[in-house]
Amino acid sequence: MSRDGFGSKLGIVAAAAGSAVGLGNIYRFPCELGNNGGGAFLLVYLMIVLCLGIPVMLCELVIGRKTQRNSIGAFKLLKPKTAWPVIGYMGVFCAFIIMAFYCTIAGWTLEYIIKAVGNQFQGKDLATIEQEFNAFHNMGWRNVLWGSIFIFLTAFVVFKGVADGIEKYSKVLMPMLLLILVVLAIRSLTLPGARAGLKFLFHPDFSKITGDVLISALGQVFFSLSMGMGVLITYGSYIKKDDNLATTALSVTLSDTLVAVLAGIVIFPAAFSFGVKPTEGMGLVFSTLPMIFNQMPGGYFFCIIFFVLLAVAALTSTISLLEVIVAYFVEELHIKRGWATVIASLGCMVLGVFASLSLRDGTSITIAGMSFFNSLDFLSAKILLPIGAFFTVIFVGWLLGKTKFFEEITNQGSLKLSVKGVIFFIIKFLAPLAIAFIFITGLL
Ligand code: TRP
């Protein structure tokens, strides 16, 4: 049986970047940064991207392309009759969890498109916009509906297959998102009092670096780059044998980080200018953005385009999450692609109902004192992804070994890659130690 593959070089980068760039960059990154000390968080974040992001991403791509399998099949093929495929199973489990809360937020972008089209922000002050946002996420069933519609959209694209589904959309729309962020950044930076926001973002206060900040940054890096649960193994398996994995990893990491930092430059100067607290969390993004549009010429149109692009960015991410589950169902459990898509999305929807409903004030849907929504976020980003990434680097560094790793990243010796020794050293020693250290200090 022949497998789908990505059509062009840009296609792979676009699809992997499409998976990486999403609500993680524009929504989750500012929330985490605001709650974890601003500049100090950014500094730690960037260091982790540089030292761990690229090597871990390469490990996943190597495993995927080498085996041409989904994230569970890949480990079964490389180490049959061992416990290693558990990493793959964990990834599939994690995909359900992330889908559940991610689609809830993605659903909000749909609600906000409608609001933007209906011109419901213009002329309103911050207090009103904030109040409307709070009222909205307290309307449990409306969130459920939007989240389910979003899962449905994802299922539609995933059902149509890899090459003509994912690739076609990401190629045009992601650069547009980048462009509109630049426009927004300029507006935000020229607002009165914007400097305080820049200072918050770029002046690290080292005393703020705690175990909590470290684990939050680590989790955010993995979350934002879609690492640690098999997305990139699955996508790697669709990459052609003569494509360059290292440049793919580099371009994906750079574009993802660029979008996150840009989102920070959009959100914080404006938030400080309007008096939104950086620790506000959800409201930080969903209240600040409409206020920025209110303050710019053509804001009505920009607002619509922005929320449409944000929804698309979220969609290219949820596609990758659902694809991990579907690829597993199809290839390992031999379920037909159509049914696999239906079963997987229904599973996500059921979890999503609880996630959405748990956002209401005074919710009783809690785990260990956290709302169900927050506990899904916590479990995936701060527990499952670091564990997944840890075992992935151990697998490549200690079991797959240097020779096979070099063969794969140099396309059997036909590509020159002078830094491969350094990368392998990081994978074998530095990455596992760093992840373990941060994980332990963060959870103590
Ligand atoms: N990286 C995406 C974002 O930033 C979300 C995402 C897609 C993801 N696939 C993932 C996160 C896999 C973790 C693992 O929006």
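Which of the 17 residues around the ligand come nearest? In this predicted model, select the ligand and then Ala20, Gly24, Tyr102, Phe223 and Ser226, the residues that come nearest.

Begin with Ala20, where a backbone N or O atom lies 2.8 Å from an oxygen atom of the ligand. Then select Ser224, whose backbone N or O atom lies 3.1 Å from a nitrogen atom of the ligand. Taken alone, the ligand exposes 360 Å², and the protein buries 100% of that area.

**Second stop: the space and the shell around the ligand**

The ligand takes up the space of the largest cavity. To view the shell around the ligand, select helix 1 (9-20), helix 2 (23-35), helix 5 (85-117), helix 10 (211-224) and helix 14 (299-331), the elements that each give two or more residues to the shell. Colouring the shell by residue class shows nine nonpolar residues, eight polar residues and no charged ones.

Now turn to the largest pocket, which holds about 520 Å³ of space. Its lining consists of 26 residues; select Glu32, Asn35, Asn374, Asp377 and Lys382, which lie nearest the centre of the pocket. Two or more lining residues come from each of helix 2, helix 5, helix 10, strand 2 (370-371), helix 16 (372-400) and helix 18 (420-443). How many residues of this lining are nonpolar, polar and charged? The lining divides into eleven nonpolar, nine polar and six charged residues.

Key: Residues are numbered from 1 along each chain as its sequence is written. This is a predicted model: local features need pLDDT of at least 70, side-chain atom pairs count only at pLDDT 80 or more; totals for chains, interfaces and linings use all residues. Side-chain values use heavy atoms; hydrogens and water are left out. A residue is near a molecule or strand if one of its heavy atoms lies within 4 Å of it. A polar contact is a pair of N or O atoms within 3.5 Å; within protein, one must be able to donate a hydrogen and the other to accept it, and residues adjacent in sequence count only if both atoms are side-chain atoms. Accessible areas come from the Shrake-Rupley method with a 1.4 Å probe; for residues, only the protein chains shown count as cover. On a 1 Å grid over the protein atoms alone, a cavity is a set of points where a 1.4 Å probe fits but cannot get out, and a pocket is an open set with protein on both sides within 12 Å along at least five of seven lines; lining residues have an atom within 4 Å of a point. A molecule sits in a cavity or pocket if more than half of its atoms lie within 2 Å of its grid points. Helices (H or I, at least four residues) and strands (E, at least two) are DSSP runs, numbered from the N terminus. Ala, Val, Leu, Ile, Met, Phe, Trp, Tyr, Cys and Pro count as nonpolar, Asp, Glu, Lys and Arg as charged, and the others, Gly among them, as polar. Grid points are joined across faces, edges and corners, and a volume is the space filled by probe spheres set on the points.
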